[in-house]
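Dear colleague,

I am passing this structure on to you, and my notes on its aromatic rings follow below it. Please read them with the structure open beside you.

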Amino acid sequence: MDGSQLPSLNQVPETIEETDQLVSFLEAQNTFSFPALENGLFPAAIAHESTGYQSIWVRDNIHVAHALNAVGKTEPACKAAATLTDYFIKHRDRFDNIISGKHHATEVMKRPHIRFDGNTLGEIDEKWAHAQNDALGYYLWFYSLLALQGKLTPTHDSIELLAAFVHYFGKIRFWEDADSGHWEEARKVEASSIGTVVSGLLTLKQYLDQSQNWSQLKYGKKLVASEMVDELIQQGQATLSEILPAECIQADPLLARKYDGALLFLIYPLGLVQGEMAERILEDTRNHLMGDYGIRRYLGDSYWCADYKDMLSEDDRTSDFSEDQASRDKLLKPGQEAQWCIFDSIMSVIYGQRFLESDKSDDFEKQRFHLERSLNQLTTEECRFGPYLCPESYFLEKGKYIPNDITPLLWTQGNLMMALHQWKQTVKARR
């Protein structure tokens with residue numbers, strides 16, 4: 001494709017051929033480049049070391065690996081999942097010590113670490129908000145999903161690890177455990193974390209039912225009964241029924257949160273929330289969080305708020321604010337939150353899946369609308385990082401929204417790749 005045939009990024013392609021051309025063009029621009037370490041793990045972003053995003057996050061790896069798997073790129077997805085398994089097995093004592101009571105989950109640095117050195121699978125000494133049940137839930141969900149799909153075969157050690165996850169979630173009483181969640185901030189009891197754990201447990205149960213492998217699920221010499229998994233699922237679902245469609249309903253106004261983009265992931269990729277509740281969350285996101293450039297994580301989000309780089313040093317921008325979020329929140333002026341690029345593409349996938357079931361024009365138009373927004377979030381020639389890249393977010397700098405320093409973000413890339421893949425299914429169905 002020469003320069004005169006550049007596909008339009010201002011509108012969604014109309015045909016399968018145009019969609020394929022657009023995907024091929026973006027692949028040629030490295031928009032969908034997912035450079036991995038030798039062991040298959042993905043850094044969160046292809047960014048300067050000062051951002052800290054060269055580290056490995058469990059959550060980001062699962063989202064990227066799931067996106068690759070969803071579009072048929074199974075090998076790199078399985079490789080990342082296998083290495084994450086090696087990492088958790090290497091540090092199994094973190095689960096065991098909390099399960100046994102030797103350490104307490106209130107000691108955040110004693111919990112399983114969800115951010116680590118990918119090259120060595122070693123832990124990073126820096127204090128971090130490791131109380132992130134969603135990250136652990138995502139791992140359990142995706143590993144169980146790959147096993148369910150027959151794309152990897154669990155070993156004795158990995159089955160024991162899955163049993164440790166079950167006991168760990170029971171020990172910390174995940175349905176009432178305050179964690180730092182998707183955004184690694186102030187700890188609270190949040191629906192997006194509880195739902196992710198429930199999804200992990202449900203998928204594990206599905207795999208064990210299908211494979212008839214329950215007899216292998218042992219913690220030490222003790223069998224993990226299916227009833228234990230069922231009870232944990234029921235506890236989580238009961239709590240979700242009290243909280244949703246909000247993210248957090250704790251009495252403390254600093255913790256209560258009605259709207260949060262992380263709730264979208266309970267709809268897709270997890271498939272946990274459906275029907276009327278899914279519709280509520282989607283409409284809440286559209287009505288309360290959507291901006292001109294992207295979608296806010298939540299109202300009052302101070303991360304990459306207006307003129308963020310002028311107010312915080314390079315080292316402080318991605319620091320752990322989980323225990324002192326108020327100091328960063330003082331920097332935010334109302335309505336000037338960063339607008340993120342990981343959500344529109346997920347919403348496009350959700351509406352696309354709904355359209356294939358409903359054949360409703362409203363679902364089709366919303367799928368198209370959010371895909372168009374996702375394409376318009378790609379960087380242009382004006383961007384100092386180069387064109388056709390997927391930013392983490394757009395933030396206000398001297399009155400103008402520009403991509404933040406975490407550009408490109410692999411999570412955004414994966415979501416856009418899935419949105420285009422889903423769009424192709426829609427175009428096929430409408431032929």
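How many aromatic pairs does the count come to? Rings of Phe, Tyr and Trp (its six-membered ring) pair if their centres lie within 6.5 Å, with planes under 30 degrees apart counted as stacked, over 60 as edge-to-face and the rest as tilted, and by this rule there are 29 aromatic pairs.

This is a predicted model, in which local features need pLDDT of at least 70 and side-chain atom pairs count only at pLDDT 80 or more, while totals for chains, interfaces and linings use all residues. Residues are numbered from 1 along each chain as its sequence is written, and side-chain values use heavy atoms, leaving out hydrogens and water.

One of the pairs is stacked: Tyr-87 and Phe-116 are 3.7 Å apart centre to centre, with 10 degrees between the planes. Tyr-87 belongs to helix α3 (residues 74-90) and Phe-116 to strand β2 (residues 115-117), so the pair links parts of the chain 29 residues apart (helices, H or I, of at least four residues and strands, E, of at least two are DSSP runs, numbered from the N terminus). Tyr-87 counts as buried at 1% relative accessibility, and Phe-116 is buried at 0%, where buried means under 20% relative accessible area, exposed over 50% and partly exposed in between (1.4 Å probe, protein chains only).

The rings of Phe-265 and Trp-411 form a tilted pair, because their centres are 5.5 Å apart and their planes stand at 35 degrees. Phe-265 lies in helix α9 (residues 264-267) and Trp-411 in helix α15 (residues 410-430), so this pair ties together parts 146 residues apart in sequence.

Finally, the charged end of Arg-257 sits over the ring of Tyr-298, 3.4 Å from its centre, a term that requires NZ of Lys or CZ of Arg within 6 Å of the ring centre and within 35 degrees of the ring normal.
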